[in-house]
Amino acid sequence: MTTSLAVLDESASLPALVRRAASQLASATTAAEVLDARVMASVAYDVAKAAGRLAKAKQAHDDVIAAVYRAQADALEIESMAKRRLADEYDAAQERGEVAGQGKPGVNIPDEKVLPTVTEIGLTSKEVHEARQIRDAEEAEPGIVRRTLDDLIAAGEEPTKAEIVRAANRIKQQKRDEKRAERQARKSTVPAADSGELYELHHRDMREGVEFIQAESVHAIITDPPYGREHIELYEELAVLADHALIDGGSLVVMCGQVILPEILAVMTPHITYHWTMAYLLPGGNVQMYQKKVNNQWKPIIWFTKGKYEGDSLTDTVTSKRAAKDDHDWQQSESGIVVLVERFTDPGQVVLDPFLGSGTTGAVAVRMSRRFIGVENSEESYEISAQRLAGVLEAG
């Protein structure tokens, strides 16, 4: 038997392995079946990889090596498709609270069950990370995996997992660069504006906001509503206003206290999508919560989105300096608001605060070249805010 025929004979089972993996993935209806298909495709890939290296070592005919590479590429494509589905399944399971977060031990839940970790369901943290990379790359550029594999085969190179990951990383970096360029372009084209264009203030009840705030005209709502169970209705009205005013993908960022956090989420989430809870680190040390026996050092910033958030990854803590409270008993520090305005908007975009208070969010937004809409029911607070923003304009 010639060298080429020997290698071909050794790899004769490859097409069958690839077909079985493809069939398994096509018929898979559960995460376990997808995982089986991924394992089967991985076995086919390993067999093809070994056969390809053996073929090269034995100086087999180019056609034989190309056939092995094609089988290796087919196995890789199937494995990549399975990884995409596993990434979706895993992320959905995390959203439902059915698996523990990556790198965390199993977590006890009220019915005394323990959430399985990523390792216990047959994956590794690295595999989950790579699966998400491939999924995101395919969503950004459909067919990128197959094109990468075909380009490698056409160049006579071995199709490998590392090349797929490199291609996914390349797409990710390209998208980051495009977003960065878009932000820079927006910053460089922000026109000069007079006070009428920079901000508008409304001395009205925020519950009437849907009547005078244009639909889908606001990029971010950054606000600090009144705390306490007696104000819970306002949080639901805020969610309704956000659904009306925000653009698709816009964010609602709400400061609140911990005590009624479950009630707040219960009334808001029927109207707008919960995304994350950020920590606003309080300046000046502990706040004693005697009834709860807690030394509190932070307060929640609940982050909701209208539709899918498509922005950059954000750090989920905000550090604030102590507020002066010269204008209002509940005045917030500008330093913390600066961080939120910068994270959630670009220059020229619109920020809304339906609980204007002393006007801290408005003052920060105008200084940072955002357009601002403020709503305040209290006449005294409205006057304070109006004077403060006028002072911001005068100061340039």
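Which residues of α13 are buried? In this predicted model, they are Thr360, Thr361, Gly362, Ala363, Val364, Ala365 and Val366.

## Helix α13

Helix α13 spans residues 360-367 and is mostly covered, with 7 of its 8 residues buried. Just after α13 comes serine 369, which has a positive phi of about 65°.

## The largest pocket

The largest pocket holds about 2000 Å³ of space. Elements that contribute two or more residues to its lining are the helices α4 (62-95), α5 (125-140) and α7 (161-188), together with the strands β4 (273-281) and β7 (298-305).

The lining consists of 37 residues. Arg135, Asp136, His275, Tyr309 and Ser313 are the ones that lie nearest the centre of the pocket. Sorted by class, the lining has 18 charged, 10 polar and 9 nonpolar residues.

## Leucine 149 in helix α6

Leucine 149 belongs to helix α6, which covers residues 144-154. Leucine 149 counts as buried because its relative accessibility is 0%, and the cut-off for buried is under 20%.

Leaving out residues up to four places away in sequence, leucine 149 touches Ala73, Leu76, Glu77, Pro159 and Ile164. One of these contacts is Pro159; leucine 149 and proline 159 are 10 residues apart in sequence, and their C-alpha atoms are 5.7 Å apart in space.

Note on methods. Residues are numbered from 1 along each chain as its sequence is written. This is a predicted model: local features need pLDDT of at least 70, side-chain atom pairs count only at pLDDT 80 or more; totals for chains, interfaces and linings use all residues. Side-chain values use heavy atoms; hydrogens and water are left out. Buried means under 20% relative accessible area, exposed over 50%, partly exposed in between (1.4 Å probe, protein chains only). Helices (H or I, at least four residues) and strands (E, at least two) are DSSP runs, numbered from the N terminus. On a 1 Å grid over the protein atoms alone, a cavity is a set of points where a 1.4 Å probe fits but cannot get out, and a pocket is an open set with protein on both sides within 12 Å along at least five of seven lines; lining residues have an atom within 4 Å of a point. Grid points are joined across faces, edges and corners, and a volume is the space filled by probe spheres set on the points. Ala, Val, Leu, Ile, Met, Phe, Trp, Tyr, Cys and Pro count as nonpolar, Asp, Glu, Lys and Arg as charged, and the others, Gly among them, as polar. Contact means heavy atoms within 4.5 Å.
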